[in-house]
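Please walk through this structure from its sheet to its ligand.

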Amino acid sequence: MRRSIVWFRNDLRLHDNEALTDALGHNDEVIPLYIIDPRTYLGKTCYGFRKTGPYRLKFYMESLHSLRQSLIAAGSNLVVREGYPEEIIPQLAKELGTSFIYCNRERTHEEVLVQDNLEKALWSIGQEIRYYRGKMLYHTADLPFPVTHCPDNFTAFRKEVEKFVAIRKPFCTPESITAISDEIDYGEIPDYTSFDLEKEEAIDSSSSFFHGGEAEALRELKYYLWDTQNLSQYKETRNGLLGRDYSSKFSAHLSKGTLSPKRVYDEIKKYESEVEQNKSTYWLIFELLWRDFFRFMAKKHGNKIFLSSGTKDKEAPKLYQNKTLFDKWVQGRTGIPFIDANMRELNATGFMSNRGRQNVASFLVKDMKIDWLWGAEYFESMLVDYDPCSNYGNWNYVAGVGSDPREDRYFNISLQAKKYDPEGKYMRHWLPELKDAPLEFLFNPFKVDPGDYNHDQIYPNPCVDIKHW
Ligand SMILES: Cc1cc2nc3c(=O)[nH]c(=O)nc-3n(C[C@H](O)[C@H](O)[C@H](O)COP(=O)(O)OP(=O)(O)OC[C@H]3O[C@@H](n4cnc5c(N)ncnc54)[C@H](O)[C@@H]3O)c2cc1C
């Protein structure tokens, strides 16, 4: 009898899972395994933030429960262990007499270290890893250029791939999976609150749109495309700030792999043939291309995405490590309502719109002149949809050390607030203390006569003075 382990990583789904499909095709038994690695779940970033903040912890545990349910429904179960994969997997492989380890290959530093160490440990017991890819629309092998020649400019990348490279069809969901024949302890999925959360990290889950798991992901896909047909207006609504419907909210599912990008693509194509094809239906695919682009950048440039000089390798702009100022940004108390509203949304839900992310990142780097790595690490900790390539790639871009072809991009926060929150609804929603403040104050707190609105008592004075707004 041939049996192998399928090690689930950031691919917590049964649909379009090439590693699982291939393992099922070549083995009599597969052992579905997930390992809760304390370096990820309990570790700290360089500047001391919890690596996986409470929103993501909750999302991940929900995703594991959902995966276990799907596996049970198919006839199997999920084995859950806590510890280091490079120690646990070889041990389990020996105990269960398996042949191979099937898993998705990761591309960023910490994940690569784990898989390399695991590979070495497996060689010593005569076993091997079989790697698969499931995170992207495009496979590296299908690109018309070697990844080392991938254009550093998004538009050039897009033009070289979208017309010439076909996106592969997603794999089907397996209907049945043979149960493991040995007596085995499947292991408990811990409650997210058991991960040493501090009191102030307690979350109110009612304010979040994000619930983990493949079943939720497929429900979200159905909701955005078929139930509401929001997809048909995506290009017009995608810069929205408030509510569920202005954008897809697929990001957390794509990031943890509870949703496959190829499945999204396939479903959009079906929608285009059955409902309508317009600029919006294309635009969601366009945004998924950004996601692929940042993964290719990480593959091409390796660790540079995590360094202050970024993928451009250019001398980093002069930025400071001013903790007092940075804390105001973190807490949403900079005195700039558009920035504070976005940061408070992040702190209360683990999510922020793309428009918000661009503005708070730009404000931190270009106006507060704070080290962009601090901002990126705070996002890493807090975002429910954190993905190393998308997060650091976008921060590189905003900080001017990444793939933005423009050298001088600058967000005038006052104009951005006027354009994207013209009635101030979003700002007043997240800053209830400003519910009676004049609209002009929300756009530009520098220009409102303090006599009209003495904001210092209920809302902080601006932490930086920006004359040109
Ligand atoms: C500073 C900064 C940090 C970011 N960090 C992350 C991150 O850690 N994880 C993450 O998934 N996205 C990140 N983004 C990209 C983007 O803000 C989110 O993907 C998006 O807001 C998620 O909401 P949505 O799923 O409703 O997006 P939609 O607008 O519905 O877009 C659909 C999908 O396209 C992809 N996408 C859209 N915009 C981008 C983009 N700029 N870069 C990469 N992929 C994109 C996402 O997978 C998204 O789910 C970041 C952007 C900035 C400016």
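A residue is called buried if 20 or more other C-beta atoms lie within 10 Å of its own, exposed if 12 or fewer, and partly exposed in between, with C-beta atoms placed from the backbone. The model is predicted: local features need pLDDT of at least 70, side-chain atom pairs count only at pLDDT 80 or more, and totals for chains, interfaces and linings use all residues. Residues are numbered from 1 along each chain as its sequence is written.

Helices (H or I, at least four residues) and strands (E, at least two) are DSSP runs, numbered from the N terminus. In helix H1, the buried residues are Glu18, Ala19, Leu20, Thr21, Ala23 and Leu24. What do the buried residues of H1 pack against? They pack against E1, E2, E4 and E5, where contact between two residues requires their C-beta atoms, placed from the backbone, to lie within 7 Å.

These strands belong to an open sheet of 5 strands with parallel pairing, in the order E3-E2-E1-E4-E5. Two strands pair if DSSP finds at least two bridges between them. Strand E3 (79–82) and strand E5 (128–132) are the edge strands, each pairing on one side only. On average, neighbouring strands of the sheet are turned by 30 degrees against each other, direction ignored. Strand E2 (residues 29–36) pairs with E3 in the parallel sense over 4 bridges, and Ile35 stands opposite Arg81 in E3.

Helix H1 (residues 18–26) lies across strand E1 (3–8), E2, strand E4 (100–104) and E5, and runs at about 155 degrees to E4. Helix H4 (residues 85–96) lies across E1, E2, E3 and E4, at about 160 degrees to E1. For these angles, axes are lines fitted to C-alpha atoms, for helices over the stretch in contact, and angles run from 0 to 180 degrees between N-to-C directions.

The loop between E1 and H1 contains Asp16. Asp16 is not a glycine, yet has a positive phi of about 40 degrees. Asp16 counts as buried because 23 other C-beta atoms lie within 10 Å. Gln229, in the loop between H7 and helix H8 (234–237), also has a positive phi, near 55 degrees, in a residue other than glycine. Is Gln229 buried or partly exposed? Gln229 has 13 C-beta neighbours inside 10 Å, so it counts as partly exposed.

Another loop, between helix H6 (154–161) and helix H7 (214–227), holds Leu197. Leu197 and Gly53 are 144 residues apart in sequence but 8.6 Å apart in space, C-alpha to C-alpha. Not counting residues up to four places away in sequence, Leu197 touches Pro54 and Ala202.

On the scale of the whole protein, there is a division into domain 1 (1–134), domain 2 (135–170 + 215–303) and domain 3 (323–457), with bounds from an automatic or database domain assignment. The centres of domain 1 and domain 3, taken over C-alpha atoms, are separated by 36 Å. Their contact takes 11 residues from domain 1 and 11 residues from domain 3.

The ligand lies between domain 2 and domain 3, because both give residues to the shell around it. This shell has 29 residues, the closest being Ser247, Ser248, Ser251, Asn391 and Asn394; a residue is near a molecule if its C-beta atom, placed from the backbone, lies within 6 Å of it. Helix H9 (251–256), helix H11 (279–301), helix H14 (354–367) and helix H16 (388–399) each supply at least two residues of the shell. H11 gives the most, with 6 residues.
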